[in-house]
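Visitor: I am new here. Please show me the structure, and then let me ask about it.

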Amino acid sequence: MAEAAGENGCGGRGRGPAQTPGGGHPRARRRLEALLNRSLRIRMSDGRTLVGAFLCTDRDANVILGSAQEFLKASDSFPGSEPRVLGLAMVPGHHIVSIEVEREGAAAALYP
């Protein structure tokens, strides 16, 4: 038996008040909905940075990015390499160090 996708297109089991319409956390839900399709910069525990459109998250803080690009941590051997195009990417929540919302009109290509 397949599980139905949630309202935002992300699959879920329907557990928890944030996943039900009119649930117990309406302010948190509105904040997440306001971020949908916005460009996020996610720094990961291994030094990589992913930039892409926020599409979905779940109760374990995993994040789905669309049109994602990966930037490697600059080092002496690779001083500012070109981004690697990933497309659709799932970032495990336990690897996320920080998340920043990119400003409107800010180009990801300007990443140092």
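Visitor: Which residue meets Glu70 in a salt bridge at 2.8 Å, N to O?
Guide: A salt bridge here is a side-chain nitrogen of Lys or Arg within 4 Å of a carboxyl oxygen of Asp or Glu. Glu70 lies in strand 3 and its partner in strand 4, so the pair ties together parts that are 14 residues apart in sequence. The residue that meets Glu70 at 2.8 Å is Arg84.

Visitor: What kind of model is this?
Guide: Residues are numbered from 1 along each chain as its sequence is written, and side-chain values use heavy atoms, with hydrogens and water left out. Local features need pLDDT of at least 70, side-chain atom pairs count only at pLDDT 80 or more, totals for chains, interfaces and linings use all residues, and the model is predicted.

Visitor: Is Glu70 buried or exposed?
Guide: Buried means under 20% relative accessible area, exposed means over 50%, and partly exposed lies in between, with a 1.4 Å probe and protein chains only. Glu70 has a relative accessible area of 5%, so Glu70 is buried.

Visitor: Which residues are joined with Glu70 into one network of salt bridges?
Guide: The salt bridges share partners. With Glu70, the network joins Arg84, Asp46 and Arg48.

Visitor: What is the strand order of the sheet?
Guide: Strands are DSSP runs of E, at least two residues long, numbered from the N terminus. Two strands pair if DSSP finds at least two bridges between them. The sheet is open, has 5 strands and pairs them antiparallel, in the order 4-3-2-1-5.

Visitor: Which strands stand at the edges?
Guide: An edge strand here has a single partner strand, so one side is left without a neighbour in the sheet. That holds for strand 4 (84-91) and strand 5 (96-101).

Visitor: How many bridges join strand 2 to strand 3?
Guide: Strand 1 (residues 39-44) and strand 2 (residues 49-57) pair in the antiparallel sense over 5 bridges. There, Ser39 stands opposite Ala53, and Ile42 stands opposite Leu50. Leu50 also has a bridge partner in strand 3, Glu70. Strand 2 and strand 3 run antiparallel too, and the bridges that join them number 7.

Visitor: Which residue takes a positive phi near 95 degrees?
Guide: Look at the hairpins. In the hairpin of strand 2 and strand 3, with 5 residues between the strands, Ala61 takes a positive phi near 70 degrees. The hairpin of strand 1 and strand 2 has 4 residues between the strands, and the residue with a positive phi near 95 degrees there is Gly47.

Visitor: How many residues does the largest nonpolar core have?
Guide: In soluble globular proteins, nonpolar side chains tend to be buried together. A nonpolar core is a set of buried Ala, Val, Leu, Ile, Met, Phe, Trp, Tyr and Cys residues joined through side-chain atoms within 4.5 Å. The largest one includes Leu40, Ile42, Met44, Leu50 and Phe54, and its residues number 10.

Visitor: Which residues does Met44 touch, not counting residues up to four places away in sequence?
Guide: Contact means heavy atoms within 4.5 Å. Met44 touches Val91, Leu50, His95 and Val97.

Visitor: Which residue's backbone nitrogen does the side chain of Asn62 reach?
Guide: Asn62 is in the loop between strand 2 and strand 3. Asn62 counts as buried, because its relative accessibility is 19%. Its contacts beyond four places in sequence include Cys56, Thr57 and Pro92. At 2.8 Å, the side chain of Asn62 reaches the backbone nitrogen of Gly93.

Visitor: Which residue forms a salt bridge with Arg41?
Guide: Side chains of opposite charge can pair when their charged atoms come close. For Arg41 and its partner, the closest N and O atoms are 2.9 Å apart. Both residues are buried. The partner of Arg41 is Glu102.

Visitor: Is Arg43 buried or partly exposed?
Guide: The side chains of Arg43 and Glu100 meet in a salt bridge at 2.3 Å, N to O. Glu100 is in strand 5 and Arg43 in strand 1, 57 residues apart. Glu100 has 33% relative accessibility, so Glu100 counts as partly exposed. Arg43 is at 28%, so Arg43 counts as partly exposed.

Conventions:
Polar contact = N/O pair within 3.5 Å; in protein donor to acceptor, adjacent residues only side chain to side chain.
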